[in-house]
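Subject: Structure handover

Hello,

Here is the structure we talked about. Please open it alongside this message; my notes follow below.

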Amino acid sequence: MFSWVSKDARRKKEPELFQTVSEGLRQLYAQKLLPLEEHYRFHEFHSPALEDADFDNKPMVLLVGQYSTGKTTFIRHLIEQDFPGMRIGPEPTTDSFIAVMHGPTEGVVPGNALVVDPRRPFRKLNAFGNAFLNRFMCAQLPNPVLDSISIIDTPGILSGEKQRISRGYDFAAVLEWFAERVDRIILLFDAHKLDISDEFSEVIKALKNHEDKIRVVLNKADQIETQQLMRVYGALMWSLGKIINTPEVVRVYIGSFWSHPLLIPDNRKLFEAEEQDLFKDIQSLPRNAALRKLNDLIKRARLAKVHAYIISSLKKEMPNVFGKESKKKELVNNLGEIYQKIEREHQISPGDFPNLRKMQELLQTQDFSKFQALKPKLLDTVDDMLANDIARLMVMVRQEESLMPAQVVKGGAFDGTMNGPFGHGYGEGAGEGIDDVEWVVGKDKPTYDEIFYTLSPVNGKITGANAKKEMVKSKLPNTVLGKIWKLADVDRDGLLDDEEFALANHLIKVKLEGHELPADLPPHLVPPSKRRHE
């Protein structure tokens, strides 16, 4: 029997075993996806080849925004520490890409040195040349926040053609390179100036296909009144809707992300809640890092497959001897029709195809005669990776998450709202009275007692049916009232005494005021007669 048949069969029966998700991704990429990319010159059209550092690096957060929107101040707020190369001012101050990363000592690594370091995920940035590398550096410092994540500060986006040309490198292309590799993209806007310049619009469009990573921050919101803030928020959503063409509404966090007193403190509670939500989102990045890398590899594999079909189709249409240049022009002009043909033949979603105009520009400089014909074996290998190997890695992701302790970003501003009485919601809602000596429900108990004694208590207790008649007057849905009943029936006897009834009414009040109910009854809400005195 043929030896290659038995080997192939054996390989399918015994899939490769990986120790970790990142190791599995690295091996799958090198063995199954990279050969397809190299064969069809994927790296010349879309994205450089991935390296080991891309699979092992910490989660990265990319900050993007027009000048003076508070990007550098936002980083300073998060890490609660100055970093090397930091400059803050109302004018365009940050003129470089600064990767703020963890290091044993404080210092700066210039761009040219950074792109030759195999431990950093920046080696492929050397393709953007010295004009960019002279404007790129790594600020490293020992900081607990940077133990878990790295943050990329970017130059403020300006308006007008002059500024775009004077950069000397393709700003949007650099941001697109980072967007592929980071875990979160934060777009910052100043509540005072919402005009989205041409360059900013171009940048946001360059982030297409990464909408799942984008979060929007409306910064400096404490400097305008509530009525103005509502109008500014509406205007921002309208502007973004025109640029980010997705049916989903992008998530916008409103606040003042620095450590100075609020100028207009009217919306303090809103800013606290928004900051807490944004912090939770950033803190979840280490836990979801493996899943993000897996997701990005799947996106890359789908694009590489489509690219292979495009290149092989162009190769197939080219004449062998005469008329190559005229045929090339014809094919580039009719690329949209080729897209449609591939879409029909291979049942590929239109969303998987690269940008038509950009692809046409790239093809202008290519020699079509050097393109490769379709090689089904390479595509089958990638299909097998997507169908089988990725599914096994998904299981491993969940296993790794369950085995690891809760991985969250710690230190800096993240600790400021977690300790003591200044945690979000402390002393509010179900937490009201947490530090009081007296039972907090006691102050309203006389009012609740008057209602209690109209509900025909027997042996000092009322039945569920009688309690229901009163509780449904709150107009809360049965699912909420059922939870309140479960929390209030402390002794689990299916009846409520006067203290338990007062507690039920207190929890109804908490819910009607817009607060969430606790999963379990906090110790300070347990009625005095039900507390165990040890």
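Buried here means under 20% relative accessible area, exposed means over 50%, and partly exposed is in between (1.4 Å probe, protein chains only). A salt bridge is a side-chain nitrogen of Lys or Arg within 4 Å of a carboxyl oxygen of Asp or Glu.

Before more of that, some ground rules. This is a predicted model, in which local features need pLDDT of at least 70 and side-chain atom pairs count only at pLDDT 80 or more, while totals for chains, interfaces and linings use all residues. Residues are numbered from 1 along each chain as its sequence is written, and side-chain values use heavy atoms, with hydrogens and water left out.

Confidence

pLDDT is the predictor's confidence in each residue, from 0 to 100. The chain averages 84. At least 70 is reached by 90% of the residues. Residues 1–14 are another matter: pLDDT stays under 50 there. For that stretch the model has zero contacts beyond four places in sequence. Contact means heavy atoms within 4.5 Å. Where pLDDT is low, the predicted coordinates should not be read in detail.

Strands

Helices (H or I, at least four residues) and strands (E, at least two) are DSSP runs, numbered from the N terminus. Two strands pair if DSSP finds at least two bridges between them.

Take β1 first, at residues 60–65. Six of its six residues are buried. M60, L62 and V64 lie on one side. V61, L63 and G65 lie on the other. In a regular strand the side chains alternate between the two faces of the sheet.

β1 runs parallel to β5, and three bridges join them. V61 has I151 as its bridge partner in β5. L62 has I152. β1 also pairs with β6 in the parallel sense, over five bridges. There, V64 stands opposite L187.

Now β5, at residues 150–153. S150 and I152 point one way, I151 and D153 the other way, and all are buried. β5 also pairs with β2 (residues 97–102), in the antiparallel sense and over three bridges. A99 is the residue opposite I152 in that pairing.

Salt bridges

How many salt bridges are there by this rule? The count comes to 39. Side chains of opposite charge can pair when their charged atoms come close.

K305 is buried, at 19% relative accessible area. D383 is partly exposed, at 30%.

A further pair is K461 and D491, at 3.5 Å from N to O. K461 is in strand β9, and D491 is in the loop between α21 (478–488) and β10 (496–497), 30 residues apart. Both ends are partly exposed: K461 has 23% relative accessibility, and D491 has a relative accessible area of 33%. Elsewhere, salt bridges that share partners join D183, D212, K213, R292, D296 and K299 into one network.

Two single residues

K32 lies in helix α2 (residues 21–39). Why does K32 count as buried? Because its relative accessibility is 13%. The side chains of K32 and D389 are joined by a polar contact of 2.5 Å. A polar contact is a pair of N or O atoms within 3.5 Å; within protein, one must be able to donate a hydrogen and the other to accept it, and residues adjacent in sequence count only if both atoms are side-chain atoms. Not counting residues up to four places away in sequence, K32 touches Q27, T381, V382, D384, M385 and D389.

Last, S456. UniProt places the feature "modified residue: Phosphoserine" there. UniProt positions are given in the numbering used here, feature names are shortened, and annotations may be inferred rather than shown by experiment. S456 lies in the loop between α19 (445–452) and β9 (461–462). S456 counts as exposed, at 51% relative accessibility. Leaving aside neighbours within four places in sequence, S456 is in contact with I462 and N466.

Best wishes
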